[in-house]
Amino acid sequence: MNPSTPRIAVIGAGPGGLTCARVLQRHGAPVTVFDRDPAADAHPQGGTLVMRPHSGQRALQEAGLDEQFRALARPVGQETRLLDHTGTLLGRTPPPDEEPSPEIDRGELRRLLLDSLAPGTVHWGQYLRTLHPIGDGTHKAEFDDGHTATFDLVIGADGAWSRVRPLLSDDTPHYSGVTFVEAGFDDADTRHPAVARLVGDGGMRALSGSKGLIAQRDGHGRIRVYAAFRGSQDWAAERGLSLDDTEAVRAALLETFAGWDGQLLALLRDNDGGFVNRPLFALPVPHTWPHTPGLTLLGDAAHLMTPLAGTGADLAMLDGCELALALTLPRSPEGGGGAAITDQDAAVRAYEAAMLPRSAEAAESAARALDDALTPDAPHGARHHLLRRFRHH
């Protein structure tokens with residue numbers, strides 16, 4: 001390896017980390033990605049993601065993957081329908097003249113990014129145990145299998161409970177006071193046509209008071225449903241329930257949403273399979289840290305926020321793209337790009353200077369979206385927030 005070529009590690013193979021690795025490689029910079037999952041398909045990747053023109057779509061363009069993304073994305077997936085607890089339709093978003101923000105399934109996006117990387121880039125089954133500073137901004141990474149490696153730059157893209165973040169910040173995610181309980185419908189158009197009609201072509205939110213039923217399509221006829229409510233993250237245990245007891249959880253949720261329209265209650269009554277508890281956590285806003293040579297963060301590791309605004313993965317990809325570009329593009333007429341990164345520390349400083357205020361604004365917006373959706377006067381606040389959010393994107 002050229003001695004001027006830094007050793008770069010990305011911790012975490014989520015959308016942001018993989019985007020960063022792809023853009024780095026596209027500009028000739030070697031990188032290694034480490035992920036704790038034993039394999040790429042070790043577990044389901046979740047629902048769908050909105051790719052907005054100036055964040056997720058821009059990142060995919062810089063990654064050279066825009067054409068492949070367009071082949072997988074669903075333009076109709078951008079619509080959100082807003083209802084109240086009676087099932088009355090209050091509005092649809094976005095306005096018809098808005099820039100398109102198509103959706104893509106998380107699993108398909110991950111596979112697209114993984115397939116774009118050089119073979120062997122991602123090391124699976126590698127859980128970062130700790131990082132040891134060894135001088136001049138370099139760090140020795142120790143993994144749970146005992147092996148170690150030294151890097152000039154370690155990028156924490158390892159999500160909410162990042163192992164890199166504690167070296168930069170004492171802040172930890174806090175419970176937002178809101179829990180989502182996830183359920184799902186397979187082959188909804190055929191097996192659950194009434195639910196499919198209720199949800200529409202993209203997503204649906206039915207809100208009343210401090211509760212909500214949120215549904216979203218993915219690309220394979222599946223609809224994911226989230227029962228949202230304020231309360232303890234241990235609500236099931238406090239009611240003497242085991243989350244493995246599907247029918248007991250179903251009965252508890254139906255009791256929580258008693259009085260709602262029967263079509264909406266079908267989202268809880270008729271779903272396939274069990275329920276998954278997903279309490280929502282967020283980092284303080286703003287979340288910042290003193291610049292530390294050889295370390296930085298992106299995505300949820302840097303700015304974990306609640307998901308209702310739908311910007312988390314989109315911003316993580318923009319983070320990864322901008323960090324990679326800062327590290328690899330020439331910064332003067334005489335400077336070179338590619339693998340020989342002549343001023344890594346200045347590049348990371350420039351990235352953080354742009355990313356931190358942007359992420360603070362997005363996190364504030366996400367917090368407002370959750371408050372608007374789950375307040376006593378909902379869905380009126382949520383309606384105003386949705387319309388405002390789509391105008392801004």
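At what angle do helix 11 and helix 12 pack, and how far apart are their axes?

## Helix 11 and helix 12

Helix 11 (residues 312-328) packs against helix 12 (residues 344-373) at an angle of about 160°, and their axes are 8 Å apart. Axes here are lines fitted to C-alpha atoms, for helices over the stretch in contact, and angles between N-to-C directions run from 0 to 180 degrees. Helices (H or I, at least four residues) and strands (E, at least two) are DSSP runs, numbered from the N terminus. Helix 11 and helix 12 are therefore roughly antiparallel to each other; angles over 145 degrees count as roughly antiparallel, under 35 as roughly parallel, 65 to 115 as roughly perpendicular and the rest as oblique. Helix 11 passes helix 12 in a right-handed crossing, where the near helix is turned clockwise from the far one by less than a right angle, anticlockwise being left-handed.

Who meets whom here? On the helix 11 side, the residues in contact include Leu315, Leu318 and Leu323, and on the helix 12 side they include Ala347, Val348 and Tyr351. Contact means heavy atoms within 4.5 Å. By class, this contact of helix 11 with helix 12 has 11 nonpolar, one polar and three charged residues. Ala, Val, Leu, Ile, Met, Phe, Trp, Tyr, Cys and Pro count as nonpolar, Asp, Glu, Lys and Arg as charged, and the others, Gly among them, as polar.

## About the model

This is a predicted model, in which local features need pLDDT of at least 70 and side-chain atom pairs count only at pLDDT 80 or more, while totals for chains, interfaces and linings use all residues. Residues are numbered from 1 along each chain as its sequence is written, and side-chain values use heavy atoms, with hydrogens and water left out.

## Helix 1 and helix 4

Helix 1 (residues 15-26) and helix 4 (residues 106-115) pack at an angle of about 25°, with axes 9 Å apart. Helix 1 and helix 4 are therefore roughly parallel to each other. The crossing of helix 1 past helix 4 is left-handed.

Pro15, Leu18 and Thr19 in helix 1 meet Leu109, Arg110, Leu113 and Leu114 in helix 4. Sorted by class, that contact of helix 1 with helix 4 has five nonpolar, one polar and one charged residues.

Five strands form an open sheet in the order 7-2-1-11-17, with parallel pairing. Two strands pair if DSSP finds at least two bridges between them. Strand 7 (122-123) and strand 17 (295-297) stand at the edges with a single partner strand each, so one side of each has no neighbour in the sheet. Helix 12 packs on this sheet, touching strand 11 and strand 17, and its direction makes about 25° with that of strand 17.

Strand 1 (residues 8-11) and strand 11 (residues 153-156) pair in the parallel sense over four bridges. Ile8 has Leu153 in strand 11 as its bridge partner.

Another open sheet has three strands in the order 8-9-10, and its pairing is antiparallel. Its edge strands, strand 8 (128-135) and strand 10 (148-151), each pair on one side only. On average, neighbouring strands of this sheet are turned by 25° against each other, direction ignored.

Strand 8 pairs with strand 9 (residues 138-143) in the antiparallel sense over six bridges. In strand 9, Ala141 is the bridge partner of Leu131, and Glu142 is that of Thr130. The hairpin of strand 8 and strand 9 has two residues between the strands, and Asp136 takes a positive phi near 60° there.
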